[in-house]
Amino acid sequence: MRVLLIGANGYLGRFVADRLLADPAVQLTALGRGDDADVRFDLASGSPGALTRFLDAVHPGVVVNCAGAIRGGARELIRHNTVAVATVCEALRRSGCGARLVQIGCGAEYGPSQPGSSTAEDAVPRPGGPYGVSKLAATELVLGSGLDAVVLRVFSPVGPGTPAGSPLGRLAEAMRRAMQTGDGELKLGGLGVQRDFVDVRDVARAVHAASLSAAQGVINIGSGRAVRLRDAAGTLARVAGYGGALHELDGPPGHLRSAVGHPRGDSDHAPPVTYPYPDGCGSWQQADVRTARDRLGWRPRINLEESLADIWMEAACRI
């Protein structure tokens, strides 16, 4: 099976590439903007005709699209997440290769959900920010394309390679600096949100399974369990061996309560509160992952503690 992977040098794409390369039945071709891609092509600015000619030459059986942007203004997000997918869909419609499309969506397409609930694929999407809107528009393009296609809505991916600018990446970096300077206290904001964390290697397994399956439509990929960020911070402190106090700054100005460790009464100089999940999903997200189990034969295997240990390992080695 020949697979064309778009976005192979991105956070998810690198692990998807590793997973596909481990399958001896897969012949992998990487398309992207970087110099390390087999073929250089910018989906946001390239024409469908040019991509069609490449598809006809390579003739893949599956196209996996891991490309996209998670940061930037609305115009940039639309260009990289929506226009780019429109290019892929149009090129596939024009091409004679008849390839199956596996599109990587995200949990932010759903927007806020009721605390305690699990979001299934039939939930009405109400994205709360431009990122979720741009990804939802891409999903709708794929679903309306008439192609043999599946959209994997990935919730909150974590594990090795987690970007330093992501919420858990920032936590690990703050903890590394505190340990390096001998600071026995760490003040953190935005720890009250709860998210469904899924290891990036499990996401790669889901992409592989979707490539081989006949499943169509939308399929959630998550752990099926929401975890409060303050609990993840506590686990990260344990695997890192950080014995200091983690103080939470989620309340009004001047408010301080201890999340982990022993409280200290020096909140007068607390820094401004920052909320680490500006994804428009509110305080709670939890995926209903039964469809992935039933249609892909997929279940998450790697627990959050292992994912956090890998995040910490990379942070600790950072100079």
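Helix H5 passes helix H9 in a right-handed crossing, meaning that the near helix is turned clockwise from the far one by less than a right angle. This is a predicted model, in which local features need pLDDT of at least 70, side-chain atom pairs count only at pLDDT 80 or more, and totals for chains, interfaces and linings use all residues. Residues are numbered from 1 along each chain, and side-chain values use heavy atoms, without hydrogens or water.

H5 covers residues 167-181 and H9 residues 304-316; they pack at about 50°, with axes 9 Å apart.

| Helix | Residues in the contact |
|---|---|
| H5 | Leu168, Ala172, Met175, Arg176, Met179 |
| H9 | Leu308, Ile311, Trp312, Ala315, Ala316 |

Nine of these residues are nonpolar, none is polar and one is charged.

Now to the interior. A nonpolar core is a set of buried Ala, Val, Leu, Ile, Met, Phe, Trp, Tyr and Cys residues joined through side-chain atoms within 4.5 Å, where buried means under 20% relative accessible area with a 1.4 Å probe, protein chains only. The largest such core has 33 residues, and Val16, Val64 and Leu152 are among those with the most contacts inside it. Helix H6 gives the most to this core, with seven residues. Beyond its neighbours within four places in sequence, Val16 touches Leu5, Val64, Cys66, Ala204 and Val207. A second, separate core of 29 residues includes Leu31, Tyr110, Ala287 and Val289.

Terms used: Buried means under 20% relative accessible area, exposed over 50%, partly exposed in between (1.4 Å probe, protein chains only). Helices (H or I, at least four residues) and strands (E, at least two) are DSSP runs, numbered from the N terminus. Contact means heavy atoms within 4.5 Å. Axes are lines fitted to C-alpha atoms, for helices over the stretch in contact, and angles run from 0 to 180 degrees between N-to-C directions. Ala, Val, Leu, Ile, Met, Phe, Trp, Tyr, Cys and Pro count as nonpolar, Asp, Glu, Lys and Arg as charged, and the others, Gly among them, as polar.
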